[in-house]
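Let's take a walk through this model together, from its overall layout down to single residues. Please keep the sequence and the 3D view open as you read.

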Amino acid sequence: MPKTSLILFGAIPSPVHFLKDLKKDYRLVIATNTPTNLATKMLEHLNILEYFEFIVGSDLVQKPKPSPDILLYVLKKINIVQNNTLFL
């Protein structure tokens, strides 16, 4: 598991409760430079995969981040306009 995951979840007292609360009002998607299958395994290992609608890894787009391709892919897949979206 990469250190970035540990740092992210170490900063949130209860990531599961945080994700549950977010999921009530928002569509949650992962867009990552990690390949999709590896990102899926990481989320499964953390027991949080169920909170995300889907995962888009760098293997699904032509150019990974910082190119906007992966974010545009997500917008198209969930059929939502950019103005109604927050990328974290």
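Residues are numbered from 1 along each chain as its sequence is written, and side-chain values use heavy atoms, with hydrogens and water left out.

pLDDT is the predictor's confidence in each residue, on a scale from 0 to 100. The chain has a mean pLDDT of 84, and 85% of its residues reach 70 or more. Over residues 1-8, however, pLDDT stays under 50, and the model has five contacts for this stretch beyond four places in sequence; a contact means heavy atoms within 4.5 Å. Where pLDDT is low, the predicted coordinates should not be read in detail.

Now for the layout. Four helices and two strands make up the secondary structure of the chain, where helices (H or I, at least four residues) and strands (E, at least two) are DSSP runs numbered from the N terminus. Read from the N terminus on, the order of elements is α-α-β-α-β-α. Among contacts between residues at least 6 apart in sequence, 51% join residues at least 24 apart. The accessible surface of the chain is about 6,500 Å², with 58% of it belonging to carbon and sulfur atoms; areas come from the Shrake-Rupley method with a 1.4 Å probe, and for residues only the protein chains shown count as cover.

How much of the chain is buried? Of its 88 residues, 25% are buried. Here buried means under 20% relative accessible area, exposed means over 50%, and partly exposed lies in between (1.4 Å probe, protein chains only). In soluble globular proteins, nonpolar side chains tend to be buried together. A nonpolar core is a set of buried Ala, Val, Leu, Ile, Met, Phe, Trp, Tyr and Cys residues joined through side-chain atoms within 4.5 Å. The largest one has eight residues, namely Leu-19, Leu-28, Ala-39, Leu-43, Ile-48, Tyr-51, Phe-52 and Ile-55. If you set aside its neighbours within four places in sequence, Ala-39 contacts Thr-32, Thr-34 and Ile-55. There is also a second, separate core of six residues, among them Phe-54, Val-56, Val-74 and Ile-78.

Next, look at helix H4 (69-78). Its residues Ile-70, Val-74, Leu-75 and Ile-78 are buried. Viewed down the axis of H4, the buried residues fall within an arc of 140 degrees, so they line one face of the helix; the arc is that of the directions from the helix axis to the C-beta atoms. Among the parts that cover these buried residues are S1 and S2.

Asn-79 is exposed, with 70% relative accessibility. Ile-80 is also found in the segment after H4, and is partly exposed at 29% relative accessibility. Not counting residues up to four places away in sequence, Ile-80 touches Leu-75 and Thr-85.

How many salt bridges does the structure hold? There are two, a salt bridge being a side-chain nitrogen of Lys or Arg within 4 Å of a carboxyl oxygen of Asp or Glu. One joins Lys-24 and Asp-21 at 3.3 Å, N to O. These residues are three apart in helix H2 (residues 15-25), which means they are separated by about one helical turn. Lys-24 is exposed at 64% relative accessibility, whereas Asp-21 is partly exposed at 46%.

The other salt bridge pairs Arg-27 with Glu-53, with the closest N and O atoms 2.5 Å apart. Arg-27 sits in the loop between H2 and strand S1 (29-31) and Glu-53 in the loop between helix H3 (36-45) and strand S2 (54-56), so this pair ties together parts that are 26 residues apart in sequence. Arg-27 is partly exposed, with a relative accessible area of 46%, and Glu-53 is partly exposed at 41%.

Finally, two loops deserve a glance at the backbone. In the loop between H3 and S2 you will find Asn-47, which has a positive phi of about 60 degrees although it is not a glycine. Asn-47 is exposed, at 58% relative accessibility. In the loop between S2 and H4 lies Pro-66, and the peptide bond from Lys-65 to Pro-66 is cis, with omega near 15 degrees.

How values were computed: This is a predicted model: local features need pLDDT of at least 70, side-chain atom pairs count only at pLDDT 80 or more; totals for chains, interfaces and linings use all residues.
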